[in-house]
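Work through the following exercises with the sequence and the model side by side. Each task is followed by a solution that goes step by step.

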Amino acid sequence: MATDRVLLKGLTAEWAALEDRLARDLPSWRPAAGPPLPVSPVALFAQLEEVLDAFGSIKEAASRHAGRYVTSAWTLKDLLGHLASWATEFRHEVQTVAGGAGFDYAIPFALNVIGPNEWNARAAERQRPVPLPDILEQFERETRRLQELVLELPPPALYGEAEFPLAPSGDPRQRFRGSIAMIVLGKCVHDLYHLGNIRDFLRRLER
Amino acid sequence: MAPAGDASPERSILRARARGEVSADSSFEELYQLYGPTVRGWLRVRVPGPAADDLMQDVWLIFHGRWRRWEFRPEMEAEAARPVLSFLFRTCHFVLRGHRRRSGREESVEGVEAVDEGGAERLMREVEGGRALGLARRLCPEEELDVLLPKLAGVPAREIARTLAISEPVVDHRFRNALARIRKSLGRAPKGGKRGH
């Protein structure tokens with residue numbers, strides 16, 4: 001339609017004018033000096049939203065190929081169970097620290113591999129009898145609960161230092177000290193790493 | 001600066017970074033200069049008051065983290081692909097969702113926060129050569145603005161559809177609806193108004 005073309009041209013010109021105006025006093029993206037910007041609750045929420053979006057994008061195809069092996073030991077369902085187990089663990093850690101409580105367990109990382117393989121193996125065994133739809137639901141439910149928590153918590157709770165069960169040195173007595181915000185960011189990196197691999201795996205299968 | 005060539009500015013920056021010709025920091029700065037005004041525009045049109053610039057920091061902080069581990073995929077080389085712009089659009093969408101959830105929560109606890117509608121309106125008046133964008137902002141429902149604004153900035157329809165979890169025909173439908181709404185309202189504008197020619 002000719003009138004729509006004219007209108008679109010006008011809108012595009014107005015949008016370009018708006019961008020020009022906003023470019024003139026574009027703020028520095030962060031202060032040049034000083035400590036790094038804290039990740040705001042909204043930014044934490046948004047990154048968890050991206051995780052949920054990535055999860056949603058693989059769910060259907062993953063359900064079709066859940067029995068396929070992604071490593072010599074784990075099927076795709078096991079890997080999804082791994083994500084769900086960690087979703088519960090991360091949410092539990094955040095809720096525990098936010099409530100002012102501590103932990104009576106540690107999750108030591110094996111020093112020669114990525115990730116805490118003993119904890120992962122136990123969690124995988126627990127998830128094996130669980131039906132796939134329940135695993136998918138668990139991941140989404142726990143991630144959404146974490147989203148609610150980051151929006152609810154006051155800044156001191158979100159950014160204050162606390163001790164978590166993760167023991168990346170392999171020594172269970174040397175537990176990770178950090179903030180809830182760091183744990184949430186860690187979950188996002190962890191989940192997006194696995195979801196990216198799942199997406200690539202599924203693309204190869206369905207090519 | 002990114003090397004000159006026939007590629008879009010985004011593609012030139014991506015290629016230069018993928019080949020290791022520019023650092024992560026300097027290419028990030030180039031992308032910020034390129035798309036900072038776009039992201040700011042999206043947020044200013046959607047969020048009244050100073051909150052828009054805070055949300056802009058959130059979007060770029062998230063992108064900064066992602067840019068350091070950016071995956072350069074072959075499909076991103078497609079002519080119409082704008083992977084960075086698409087990522088920024090998606091992130092804006094998620095950030096806005098979080099902002100609204102949080103604002104709703106604060107409203108219910110602490111009462112309605114005062115909103116600087118006047119400042120945003122003034123900005124729109126300042127930058128408008130015409131009236132269409134202002135009308136779009138006032139008349140179009142959220143779902144149509146969600147489509148119209150990224151379309152104006154050049155986000156591929158496929159990426160808009162993916163972010164909003166709708167199909168491409170629905171993107172097209174909402175876009176046409178937005179245009180029709182603005183056209184109808186412009187048709188009703190009194191003669192001798194702001195744009196009487």
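This is a predicted model: local features need pLDDT of at least 70, side-chain atom pairs count only at pLDDT 80 or more; totals for chains, interfaces and linings use all residues.

Residues are numbered from 1 along each chain as its sequence is written, and chains are lettered from A and ligands numbered from 1 in the order in which they are written.

**Exercise 1.** Describe the secondary structure of chain A.

Helices (H or I, at least four residues) and strands (E, at least two) are DSSP runs, numbered from the N terminus. Chain A has seven helices and four strands, and their order along the sequence is α-α-α-β-α-α-α-β-β-β-α.

**Exercise 2.** Find which residues touch B:Leu88.

Begin with the definition of contact, which requires C-beta atoms, placed from the backbone, to lie within 7 Å. Leaving aside residues up to four places away in sequence, B:Leu88 touches B:Tyr35, B:Val39, B:Val59 and B:Phe63.

**Exercise 3.** Determine how many residues each chain brings to the contact, and which helix of chain B gives the most.

Count the two sides: chain B contributes 35 residues and chain A 32 residues. On the side of chain B that touches chain A, α4(B) gives the most, with nine residues. Sorted by class, that side of chain B holds 15 nonpolar, nine polar and eleven charged residues, where Ala, Val, Leu, Ile, Met, Phe, Trp, Tyr, Cys and Pro count as nonpolar, Asp, Glu, Lys and Arg as charged, and the others, Gly among them, as polar.
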